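Subject: Structure for your files

Hello,

I am passing on the structure we spoke about. My notes on what was found follow below it.

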Amino acid sequence: MENKERKPVTKELPRPASVPCPYEARYETDVVVLGCGFAGLNAAVTARESGRRVLVVDKGRPGFSGLSPWPSSFRWFDPEKDDADAFRRAVLIGGDYISNMKWYEEWITDSKRIYHRLRDWGMLTPFPKPQEAGDFFERQDYAGYREAFQQLDRHEKWVEVLEKNGIPFLEYTMVTDVIVEEGRVRGVMGFHVPSGKVIAISARAVVMAMGGGCYKPSGFPAGGDTFDGEYIAYELGLPISGKEFEDSHGTSSVAPGSPFYYMNWQYLENIWPGGGDASQDNLKPFIESKVNFVVLGRARAAKNRLPASTGKEVTREAETNALRRGAALGYETDPDEIRSGKLGSPLPASDTHGGAIGMSSHLTGGVLCDLEDVSGRTGIDGLYVAGDGMHASYPGGASYPCGRGFTSCFCSIDGDHAGRAAAAFAAEATLQPLSEETVAERTEAITAPLRVERGFDPNWARDVLHGFMAPYWVTISKSEKVLEATLVQVEYMRDHVAPYLMARTSHDLRLCHEMKHKILSAEMKLRASLYRKESRGATYREDYPYRDDEHFLCYLTVNKTGEGMEIREVPVKEEWTGDREQAYEKRYLCYYPGEPEARGFHVEPPRWMGGGKKP
Amino acid sequence: MSVVRVDLSKCIGCESCVKVCPMDVFYFDHTAHKSVIAYPENCQSCGQCFVHCQGRSLGMSNDMFGFAIPAMRQTTTAPMNRVVVTEPGVLTEMTRGELP
Ligand SMILES: Cc1cc2nc3c(=O)[nH]c(=O)nc-3n(C[C@H](O)[C@H](O)[C@H](O)COP(=O)(O)OP(=O)(O)OC[C@H]3O[C@@H](n4cnc5c(N)ncnc54)[C@H](O)[C@@H]3O)c2cc1C
Ligand code: SF4
Ligand code: SF4
């Protein structure tokens, strides 16, 4: 109205009452890929290259959603130069002897190829950093810097790659259901979030690459991922692993909850290639520094009840890159070595734990496949998993210190393998379209929160759950009593809040489904944390501050049974558990607070204190 | 912390914000040719809309008290939580002072 009279619009307008949906209600395809981060994109392209029809579905816009818009380093292995044995040992020890070495080997053999693939796609194209490009950095001109290098910006490449490969995609479409009949996957269902239109896709094979999740983004931009895939997989009866291993990313206590405050340049700059940083000569300090930085620093900080710093420090990547993310060492004189050099612009330090509460440590969370498998094959015919938070591939073991900086690379390999396997399956499988009854029944369930007349606002539920789970005594420094008490709260939410979540719009509908998934995820996390009565990698139990090799050299899985959740143990392959004869204090290079005392040995206080000082 | 509107009259209707937001915060009014910040409570403060805003109509603010409570420092940080980024180059002194 105002516009017609040519008066300026200065007051925020209301949300439009209805939004058109650009998509059909039904699709048929060979392979449907759910989620399009590094894992999903690679799965989709590989499946397409195998000659299959592929359809991609993403809750956001590919390239701008999930975790994949954010990495600043991409670590790959160069078989012609790097020392494979040093890397294997580093990850074995640094991963606390539960690394899946079969998957790690895939990184050794495949990461260079994947590096070239992403480089060809234009995702790793170097361009000047803001400080080098002009005065963008000084003026904090984020938008100007982005515009200056828009043609090279990796984020736009996702859609470009999909289009170039003839892969159609549905954006802003949340998948809520994967439909399995008689042990075979049949398709998926979900809805276009802005319009609320329900969409059903019949497919021969499905790749789930929907990332992990967090309860509420509080400093780490992981909010688009909300355990949707994990929830669906659990409901299908698949074993969910890695829940007890906590994500280690932080936020800045100067601006808590704001990824923009300390990650803006990281997002805008090009991804820096890294690797070649472990060798036989530096193995011990390499592992120690990584484990201290990524894992133990926060355990010590929690134990001391103090934050790690004042929150105002600035991290100078150029000075610390080798430690932080692994730029090549010892190759400085090699003019062809692109993996060395400085990483990024100075950025404010993240001194406070809790950037993505609920997220599993990279590559530990999700569906645990057969330990012989390297394709993401689940137990269900035609269903594959790939990527961070979706596939418990464990290449970095119980946390990812020694694989730091290789997650984006690894997810790409993982997706590539799953895409190939799904395409091969689809080539042989028949398509059986979803029946009208199934579609009607699921539509009813998907839209149910819109018909709840009196219930809970999903935003309120989100804040409550986050409040229960965020304290460091629940996630970083765990104990039986606290975990039990928190479990009571989460069970209450499961039984008395989740069924009554209420949506007024299709935006709310997304939130209601996400909330239900988060509550289940929190329950899994607490139960797995309770079960693992030891400390290992990214789970620290104050009441069991040591590794217990006798009982816990295993992966835990959470399984749906008639009686509720059941935790099961899957032993780690013997050959991945290192030298069991070695003395404890030699076998493990870094110790949790309280560990030497509990195990009866003495160590000098760590030289590298990642945590806070004792008062 | 969330996205804020600095100046709606600067919105040129490019729809970049609607496209890039992973949290379904933005909608678009096709009659007025303006974006709508429909659900700021779901903003994850990633800043993607801010850096893609062609009209420089948006800002990032910490003024809203709705930030998530991090695992530590719950109480001590709240009073310090006033970093406001509006237009490029217009940062509070505190943030400016931090970065070299
Ligand atoms: C700030 C930050 C910094 C990082 N730094 C590095 C680094 O320096 N080096 C490195 O190697 N790695 C880094 N990582 C990790 C790396 O980015 C991730 O591990 C990787 O991108 C995960 O890729 P993915 O495809 O498995 O998952 P994601 O990128 O999370 O993709 C999941 C996709 O699924 C979609 N989705 C979710 N639910 C649904 C649903 N229900 N229906 C449809 N779609 C859905 C999401 O929208 C998203 O697009 C960083 C991550 C972050 C957040
Ligand atoms: S800051 Fe990020 S989450 Fe918030 S509105 Fe902008 S794009 Fe969306
Ligand atoms: S990106 Fe900026 S100019 Fe474009 S529609 Fe959104 S607010 Fe308006």
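The crossing of helices α2(A) and α3(A) is right-handed. This comes from a predicted model, so please read the rest as computed values. In chain A, helix α2 covers residues 84-94 and helix α3 covers residues 101-120. Their axes come within 11 Å and cross at roughly 145°.

On the α2(A) side of the contact are Ala84(A), Phe87(A), Arg88(A), Val91(A) and Leu92(A). They meet Met101(A), Tyr104(A), Glu105(A), Trp107(A) and Ile108(A) of α3(A). By class, this contact has 8 nonpolar and 2 charged residues, with no polar ones.

Next, the ligands. There are 14 residues around ligand 2, and those that come nearest are Cys21(B), Cys43(B), Cys46(B), Gly47(B) and Cys49(B). The shell around ligand 2 is made up of 10 nonpolar and 4 polar residues, and no charged residues are found in it.

Ligand 3 is surrounded by 13 residues, the closest being Cys11(B), Cys14(B), Glu15(B), Cys17(B) and Cys53(B). Its shell divides into 6 nonpolar, 5 polar and 2 charged residues. Ligand 3 sits in the largest cavity.

Regards

Technical notes: Residues are numbered from 1 along each chain as its sequence is written. Chains are lettered from A and ligands numbered from 1 in the order in which they are written. This is a predicted model: local features need pLDDT of at least 70, side-chain atom pairs count only at pLDDT 80 or more; totals for chains, interfaces and linings use all residues. Side-chain values use heavy atoms; hydrogens and water are left out. Axes are lines fitted to C-alpha atoms, for helices over the stretch in contact, and angles run from 0 to 180 degrees between N-to-C directions. Helices (H or I, at least four residues) and strands (E, at least two) are DSSP runs, numbered from the N terminus. A crossing is left-handed if the near helix is turned anticlockwise from the far one by less than a right angle, and right-handed if clockwise. Contact means heavy atoms within 4.5 Å. Ala, Val, Leu, Ile, Met, Phe, Trp, Tyr, Cys and Pro count as nonpolar, Asp, Glu, Lys and Arg as charged, and the others, Gly among them, as polar. A residue is near a molecule or strand if one of its heavy atoms lies within 4 Å of it. On a 1 Å grid over the protein atoms alone, a cavity is a set of points where a 1.4 Å probe fits but cannot get out, and a pocket is an open set with protein on both sides within 12 Å along at least five of seven lines; lining residues have an atom within 4 Å of a point. A molecule sits in a cavity or pocket if more than half of its atoms lie within 2 Å of its grid points.
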